Amino acid sequence: MKKITFESLPNELLLMIFSYLSFIDLCQLFLDLKNARLERLLTSKYYSLDLSSIYFNQLRQFLSSSNDKINRLSTLIDTVVICDSSAGWMLLKHWIETFIDTELSNTWLPSIKKLFILNADYFQHYFIKSFFPPLISVSNTLQYLHLVFETPTFYYPSVLSELIRHHISVHTMILEVENGHEFYPNELKKDLHKMESLYWPNTVQLTLSIQYPSELVLLLKRDALPAIEHLNITNEQIHTVFPLRRYIPVSNIHLCDYNLREIADGTRLRSLLLRYLSLSDIILLIDSLTMPLLEKLILIDFTDRVFIVKQILDITPNLLHLKIDWEDFRHCSKTYSNIKHLHLVLDRIYPEPKKYFNIRRLTQLTPHLHSLETSNANIMFYEHLLGFVLKIIRQFHQLVYLILNKDGRYPAKEEIKTTFKEKLIATGHNQSFDCNNIRIEFSHLNELYIWL
């Protein structure tokens with residue numbers, strides 16, 4: 001029997017093994033080996049440096065090393081995850097010390113593209129001036145900045161204010177709040193009205209929490225975000241524990257028809273997500289702001305949904321993707337030929353699939369679908385589902401794929417799934433599709449994919 005050694009393994013398997021090890025583990029295990037093949041493989045890919053899985057002593061040993069190979073391999077780190085730990089603070093201190101002051105240049109990790117800072121509440125905003133500017137200088141590559149805060153209170157607006165003051169702008173900026181629904185107004189120190197004028201010229205995708213709806217005007221103000229295409233905004237005001245009337249900011253900028261028409265610019269927006277805005281503010285926004293390129297609009301936690309859905313669909317003729325409750329959508333009165341990709345959120349569990357949604361009504365609403373997905377409800381794979389699926393395929397001639405029970409949450413027996421698949425192919429062959437081209441898969445639990 002031929003003896004198998006580690007070095008005899010194929011490159012593909014070695015790379016798979018490497019993927020299960022941290023960057024520092026790889027350095028410690030393999031870089032001292034005199035093996036050109038392993039070194040070539042190690043330097044053929046980029047790595048993540050995740051401080052949440054690295055011990056303090058392990059990082060200290062790595063940073064104190066003078067090994068030229070380690071220094072060279074560190075240039076292949078393109079993602080860094082920093083957390084509130086002794087290792088996280090050590091890395092920040094070391095990183096800042098490596099910056100060249102005269103050039104504001106990031107020389108230690110020059111290939112970094114993504115930076116995650118977890119527990120950002122605990123990182124005082126004072127380091128922004130010395131840490132971030134070198135990462136966004138002309139010679140560096142940072143494209144993705146993700147800060148995670150526990151609440152939107154003191155530290156969140158403080159850090160945001162510093163980012164704005166120093167014009168820290170990269171392609172994707174996410175300032176995430178984990179628990180933003182219960183906090184005291186007197187903990188709020190700043191809002192966008194009290195900060196310097198926003199100017200993030202390089203930001204294409206932004207996720208942000210605001211304290212007042214009027215701050216939307218400042219975000220959409222001309223030249224504030226001149227490259228913005230994807231905007232995700234959460235209004236924290238309505239979830240405070242006390243009434244906020246006495247905390248309303250003093251400003252001449254209000255969320256009103258005039259400001260939205262004269263100051264705001266939504267002409268580059270392709271997707272917009274708004275969370276916790278009042279119905280009146282939503283209506284005002286969509287009536288007053290011109291968004292000719294908008295393809296996706298997501299509204300979370302608002303009232304009178306049917307009315308607002310109709311308003312949105314009427315003013316967004318370029319909308320391609322729509323995720324919506326069927327109970328809301330079925331009451332719409334027009335035909336939306338522009339919608340190509342539809343995700344229906346269904347309700348309840350019915351014994352017959354036709355109870356979930358009316359196919360004929362759906363074809364009237366969206367006759368040119370390329371994809372159709374359903375979620376939330378558990379559509380059972382009984383025999384009468386066969387005719388329902390075939391009717392969908394026949395009615396939508398441009399359909400490319402169909403997904404039932406997306407992100408399935410309920411188990412289905414393997415024999416039931418196999419029988420359903422076989423019967424669907426047998427029933428539909430030469431009637432609705434070519435069985436040689438169709439692809440049917442059960443991806444996860446009761447999630448069914450059909451590619452046509």
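Residues are numbered from 1 along each chain as its sequence is written. In this predicted model, local features need pLDDT of at least 70 and side-chain atom pairs count only at pLDDT 80 or more, while totals for chains, interfaces and linings use all residues; side-chain values use heavy atoms, without hydrogens and water.

Two packed helices are described by the angle between their axes and the distance between the axes. Helix H2 (residues 23-30) packs on helix H4 (residues 56-64) at about 60°, with the axes 11 Å apart. Helices (H or I, at least four residues) and strands (E, at least two) are DSSP runs numbered from the N terminus, and axes are lines fitted to C-alpha atoms, for helices over the stretch in contact, with angles from 0 to 180 degrees between N-to-C directions. H2 is therefore oblique to H4; angles under 35 degrees count as roughly parallel, over 145 as roughly antiparallel, 65 to 115 as roughly perpendicular and the rest as oblique. On the H2 side the contact (heavy atoms within 4.5 Å) is made by Phe 23, Ile 24, Asp 25, Cys 27 and Gln 28, and on the H4 side by Gln 58, Leu 59, Gln 61 and Phe 62.

H4 also meets helix H6 (residues 86-98), where the axes come within 8 Å and cross at roughly 20°. H4 is therefore roughly parallel to H6. Phe 56, Leu 59, Arg 60 and Leu 63 of H4 touch Ser 86, Ala 87, Met 90, Leu 91 and His 94 of H6. These residues divide into six nonpolar, two polar and one charged; Ala, Val, Leu, Ile, Met, Phe, Trp, Tyr, Cys and Pro count as nonpolar, Asp, Glu, Lys and Arg as charged, and the others, Gly among them, as polar.

Further along, helix H15 (residues 384-395) packs on helix H16 (residues 414-428) at about 50°, with axes 10 Å apart. H15 and H16 are therefore oblique to each other. Among the contact residues are Leu 385 and Val 389 of H15 and Phe 420 and Leu 424 of H16.

The largest pocket is lined by 26 residues, with Leu 297, Ile 298, Leu 299, Lys 323 and Ile 324 nearest its centre. A pocket is an open set of points on a 1 Å grid over the protein atoms alone, where a 1.4 Å probe fits, with protein on both sides within 12 Å along at least five of seven lines; lining residues have an atom within 4 Å of a point. The lining comprises 15 nonpolar, four polar and seven charged residues.
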